[in-house]
Amino acid sequence: MIGVSDLSAGYGAIRAVRGVTLELGEGELVTVLGANGAGKSSLMLTIAGALKPTSGRVSFDGRDVTSASPERMVRLGLSMVPETRDVFPDLTVAENLRLGAYIRRKEVDAVQADLEKMYEMFPRLKERQHQAGGTLSGGEQQMLVIARAMMSAPKALLLDEPSLGLSPTLVDQIFQMIVELKDQGLSILLVEQNATKALQIADRAYVLRLGEIAAEGSASEIAASSNLHSLYLGG
Amino acid sequence: MTGFIQFIIDFLSLGGAYALMALGLVIVYGILKLVNFAYGELIMVAGYTLFLVGGTGMPWIIMAIVAIAMSVLMGIATDYVAFRPVRAKSVTAVLITSFAFSTLLQNGALLFISPRPRNIPLPEIFTKTVEIAGVVTPVRNLLTIATAVISLSLFTWLMRRSVIGIAMRAAATNFTMARMLGVPANLIITSAFAISGLLAGIVSMFWLGRIGAVVPGIGLEPLLIAFIATVIGGMRSLLGAVVGGFLLAFIDTGLNYTLPQDLLKFRDAFTFSLVILILLWRPEGLMKGPASGQRT
Amino acid sequence: MKRHFLTLGILIGLVALLVVSVEIADVRLLTRIAINLCIMLVLVLGLQVFMGNSGILSFAHIGFMGVGAYTSSMLTIPLQMRGMALPDLYPVFAELLVSPYLAILLGGLVAAGVAAAVSFPLMRLSDAAAVITSFALLVVLHTIMQHWSEVTNGPRTLFGIPKATTLFLAAAVAAVAIVAALAFKESRFGILLRATRDDEVAAAALGANIPKIRWIAFIISALFAGIGGALWGHFVTSFAPKAFYLKETFVVLGMLVIGGPRTVTGAVLGVFIVTVVFESLRALEGAINQAQIFSEQVVGVTEIALSLAMIAVLVFRPGGLLATREAGDMILRRSENKGTK
């Protein structure tokens, strides 16, 4: 689904991503782990088209999308939920969701049906549908941005640290939801600091350290690996 | 009592004009976080268009539509000439390029048309007056109020109900995130400039109607009005622009009525002092904008 | 430290070179252009002090130039002429005659005082709001100059100002301005201010009182503007309020932007380059009008050319032609490289 080959990207003099190669197969849930500053978010942003790579290639669903714009990526079927959560604070929940379906805005009935589906999956959002996005709690905002990302009917989802700042119960809920999404056929690339939980639900994992892949393998392999700690602390 | 009604009519018609001017400026600033110094020239362009088509004998309303259309086109052109090439570089760069573009346009008019005022055609109805509750006032004032109300309502509807309006509001808060939902960046920006041109074009019909002629520097006063109204209203809020516009009109009209004759020529200095006081009290403007917007 | 002296040496040397060549040539037109250039140096360096270090664009600068010019004029117009030039001048000033040199200094101080009084609220505004408000301040200063007839003779031309600005005076003041601008830039204030330009939050965490620092820079910049304005007044000997408005703002801004606002060298270079281009275009425009190639007078071409140049510079070299380094830095860096390689 997603193929990244020797990708490098950064911000001016700072090279955040250095020659990363990874893959996300169709229907897989792959997690990208690593300490703060390891380059995970930058990697996601580059795949999603929000950050221009300096070298390397990105392919999505068989197409080369290395220099694609974020708008194009959404149209091709990739949705991203950034680490910063980025709810539009003074748009209502309903408006946020409606905007998520921007590329499908002509399919009025299909969009409405998906909206109902989201409300079913996230009943708290339905309760608050006319409230401004900025008034929601952290957990509700996280649900909102995931639901919003789903509104474009994507084939693949990039999730950047969905558990950030949430209580353990909420984290479990969110992860439960992610598994449900995977069961529905979505391919998911999950960036997480909470390595344990991420490895519990993932098929495979990569560990990023200082912008480079330091380890990769099946989730169980990585979980069993005793190097995980040093990889984290070293990065 | 008649004095009061006179004041209300003056205040509302000026306020409507000011609010539209301010709105045209803020809609671009809100999304791009960039100030358009060439905004006043949209009014100049509308004026000169009226002058140029003035001899063709078309009904005035057609001429007005043509003038407004030119304003819209010039708004879009401003984006391509002054903004797009430098948008990514720095905020200051854009301020300067739009200032340079403004000078370019003004000197263009100076060179290719004339530095002297040129008369513009006005509809008959602008010369008529009407009496309301004992107060005689130009019909134009009432038309300004009506047009402002209609324009503001349509604009609000557009922003709140249409998908493009929601997309623009989202882009104003967080452009990158809007793009990551598939909202096409360039379309949003072009729409913002087009709407900016439309609002400026509409206001210019009444503004020029008051003056009756056009000069290259005619855009300066509206630019200043839009500037001040947006600053006191709060730069990132559309409602703030409208509130700022009416507040500024209130101050100006009020000063017109209360300043002694020999101080009247300093009215702008007084207005500005009051504005400074408002800013001292509330540096971010009167209305809170959307929570932290980020630049493109 | 060495690089600062090197920078000063180069820049002041440039001014000295200008003075010497113009004196030798002894052509009145060239002397006039040179004096203008030196006055522009004072003005542009003043703008650089605020804009280059704080990153905020200020449109009010030329307004303060006017304040300086009118203040100085009011105090120096010979008493016999004063009744005609400023018939309504307040009695307390009507008999007050001051040496032009003192008057020029007072012009600067009054401008700085006005800036101090009016501008503090502006310093707390966000960047865009500050720029816009500075623009409004320019308009207000202009309105006051246009209508305060007692002091400015209203929108009419004020005449009778003694011609005290010689090439040497202008050049000397320009040299002082160069030193002062560089001194400010490299002082604790300047460095702190530049830190706020790059990252407000971090600078505040370092203890920088951002509004206050900006305010001080603004006052100093107005001081330069006032002195420059007074110098100019004593050079042209008659002027009107419209000399302190948008066109001049545009030229000063253009010089700074094209040269590069972040460095003193950039400011100086901008003045030289734009003056050369401007005067050439002006001469060309004059020749075209003289030769009557077009049926009407050609006017505004210079401004159009300057606008296009500014846009071009900003598109291709957004930091100006000399984006980051002072002259001294560039030379030392090169010689260092030669040494180590």
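**Reading the sheets, then the chains**

Reply: Let's start with chain A, where β2-β1-β4-β5 is the order of an open sheet of four strands with antiparallel pairing. Its edge strands are β2 (14-24) and β5 (63-64) of chain A, each pairing on one side only. Helices (H or I, at least four residues) and strands (E, at least two) are DSSP runs, numbered from the N terminus, and two strands pair if DSSP finds at least two bridges between them. Bear in mind that this is a predicted model: local features need pLDDT of at least 70, side-chain atom pairs count only at pLDDT 80 or more, and totals for chains, interfaces and linings use all residues. Residues are numbered from 1 along each chain as its sequence is written, while chains are lettered from A and ligands numbered from 1 in the order in which they are written.

Me: Over how many bridges do β1 and β4 of chain A pair?

Reply: Six, in the antiparallel sense, between β1 (residues 2-11) and β4 (residues 53-60) of chain A. To find your place there, look for A:Ser8, which stands opposite A:Ser55 in β4(A).

Me: How do I read the two faces of a strand, say β7(A), and which residues point which way?

Reply: In a regular strand the side chains alternate between the two faces of the sheet. In β7(A), A:Ala156, A:Leu158 and A:Asp160 point one way, A:Leu157 and A:Leu159 the other, and all are buried. Buried means 20 or more other C-beta atoms within 10 Å of the residue's own; exposed means 12 or fewer, partly exposed is in between, and C-beta atoms are placed from the backbone. Because five of the five residues of β7 (residues 156-160) of chain A are buried, the strand is largely enclosed by the rest of the structure.

Me: Which strands pair with β7(A)?

Reply: β6 (residues 78-81) of chain A pairs with β7(A) in the parallel sense over four bridges, and A:Met80 stands opposite A:Leu158. β8 (residues 187-192) of chain A also pairs with β7(A) in the parallel sense, over five bridges; there, A:Ser187 is the bridge partner of A:Ala156. Helix α7 (residues 168-183) of chain A carries the chain from β7(A) to β8(A) in a right-handed β-α-β crossover. Right-handed means that, with the strands pointing away from the viewer, the path from the first strand over the helix to the second runs clockwise.

Me: Is helix α1(A) buried or exposed?

Reply: Nine of the nine residues of α1 (residues 40-48) of chain A are buried, so the helix is largely enclosed by the rest of the structure. After α1(A) comes A:Gly49, with a positive phi near 95°.

Me: And between chains, where are the most contacts?

Reply: Of the two pairs of chains that touch, B and C have the most contacts. Two residues are in contact if their C-beta atoms, placed from the backbone, lie within 7 Å. The contact takes 34 residues from chain C and 34 residues from chain B. On the side of chain C that touches chain B, α7(C) gives the most, with 13 residues. That side divides into 24 nonpolar, seven polar and three charged residues. Here Ala, Val, Leu, Ile, Met, Phe, Trp, Tyr, Cys and Pro count as nonpolar, Asp, Glu, Lys and Arg as charged, and the others, Gly among them, as polar. No contact joins chain A and chain C, whose closest C-alpha atoms lie 15 Å apart.
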